[in-house]
Amino acid sequence: MSNHEIRCKAWRLYRENVVGLLILALGYTTLQSIIQFVWEQVLGWNQGLFVLVAWLLLSPLTLGAALCLTHLWRTETKPNYADLTAFYRSIDGWGGAIVLYLIQCATIVLPLFIPLAMSMSITILLFHTGLIVLALIVCVVVITWLFLRLYMCEVLFVSEEAMSATEAIKDSFFRMSGQVGNLLCMLFVVNLPNLIISFVVAMLQPVGLGIHFVLLVFKMFYAPFPLMAGIGWIVERLNDEEQPEEVSGPPSNPLLRDIANDLGKSGHQPGMQDKS
């Protein structure tokens, strides 16, 4: 399935299930808000530390959302909201989700320590600022590349019960070989409306509260489509790998194709001699 066909199917599934997808997004946001409220208001714990803890607590929820969208793409039925809490129901599911996102985050963020270490050197900071900027640019490119190479790990993990978090990370890295450019084009196209609108709003600063509200509503309604397209891209690429390659086919040259058709109609097979 081409990227265009994937986007068309994602848009169709979005239109057919827009209410369900918005409920799914609302459920995700509500659970996140409940965790944050309990952490900050009830327990009174540090708000900055909440970012890390919430990330760990919400890891199973994020995987549950990936599972729900994967099922929706494969079955083309109504979203199953029970999938949201699927990885909270067992220690293995919860632990696997946390390990998966810890490894993914560590792999992607690790290159940032290179320019950070360079900036801590006074000599480099004073006399080689350009070197730090160059290292930062290289790190951004490497992080983007790693993010794309690990893009399949969530769907692989939720699709294969016997697959561990580390296996999902490794499998995604190797399966994405040669697919990075294709995925980058897909993500750029489906996120282009968001980029354009955000750029226009940034250029029009300062803007009123009404503009920010409209932007928030647009992002809320549009967000499920890029997510659905990304999940669909992964599922279809995995399906392509599972399908056996065609051994032979009709000749691509029109003249040879016509000759083959004529031979077929007359009862002859190419490369075979008549028996006499």
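## Rings, core and helices

Start with the rings: W11, Y14, F218, Y222 and F225 are linked by ring pairs into a cluster. Two rings of Phe, Tyr or Trp (for Trp, its six-membered ring) count as a pair if their centres lie within 6.5 Å; planes under 30 degrees apart are called stacked, over 60 edge-to-face, and the rest tilted.

A word on what you are looking at. This is a predicted model, where local features need pLDDT of at least 70 and side-chain atom pairs count only at pLDDT 80 or more, while totals for chains, interfaces and linings use all residues. Residues are numbered from 1 along each chain as its sequence is written, and side-chain values use heavy atoms, with hydrogens and water left out.

**Aromatic pairs**

There are nine aromatic pairs in the structure. One of them is F87 with F157, a stacked pair with 6.1 Å from centre to centre and 25° between the planes. It joins distant parts of the chain: F87 sits in the loop between helix 4 and helix 5, F157 is in helix 9, and the two are 70 residues apart. Helices here (H or I, at least four residues) are DSSP runs, numbered from the N terminus. F87 and F157 are both buried, a word used for under 20% relative accessible area, with exposed meaning over 50% and partly exposed in between (1.4 Å probe, protein chains only).

Then there is W145 with F173, an edge-to-face pair at 5.7 Å centre to centre and 85° between the planes. W145 belongs to helix 8 (residues 129-149) and F173 to helix 10 (residues 165-175), so this pair ties together parts that are 28 residues apart in sequence.

**The core**

The largest nonpolar core has 52 residues, and L63, L100, M228 and W233 touch the most other members. Such a core is a set of buried Ala, Val, Leu, Ile, Met, Phe, Trp, Tyr and Cys residues joined through side-chain atoms within 4.5 Å. Skipping its neighbours within four places in sequence, W233 is in contact (heavy atoms within 4.5 Å) with N3, I6, M152, M176, Q179, N182, L183 and M186.

**How covered are they?**

Here are relative accessibilities for some residues in this report.

| Residue | Relative accessibility | Class |
|---|---|---|
| L156 | 3% | buried |
| Q104 | 11% | buried |
| F173 | 26% | partly exposed |
| V109 | 33% | partly exposed |
| W145 | 37% | partly exposed |
| E76 | 38% | partly exposed |

L156 is part of helix 9 (residues 153-159). Beyond its neighbours within four places in sequence, L156 is in contact with M163, A168, D171, S172, R175 and L238.

V109 and L146 are 37 residues apart in sequence and 9.5 Å apart in space, C-alpha to C-alpha.

Lastly, E76 is in the loop between helix 4 (59-75) and helix 5. Its phi is near 55°, a positive value in a residue other than glycine.
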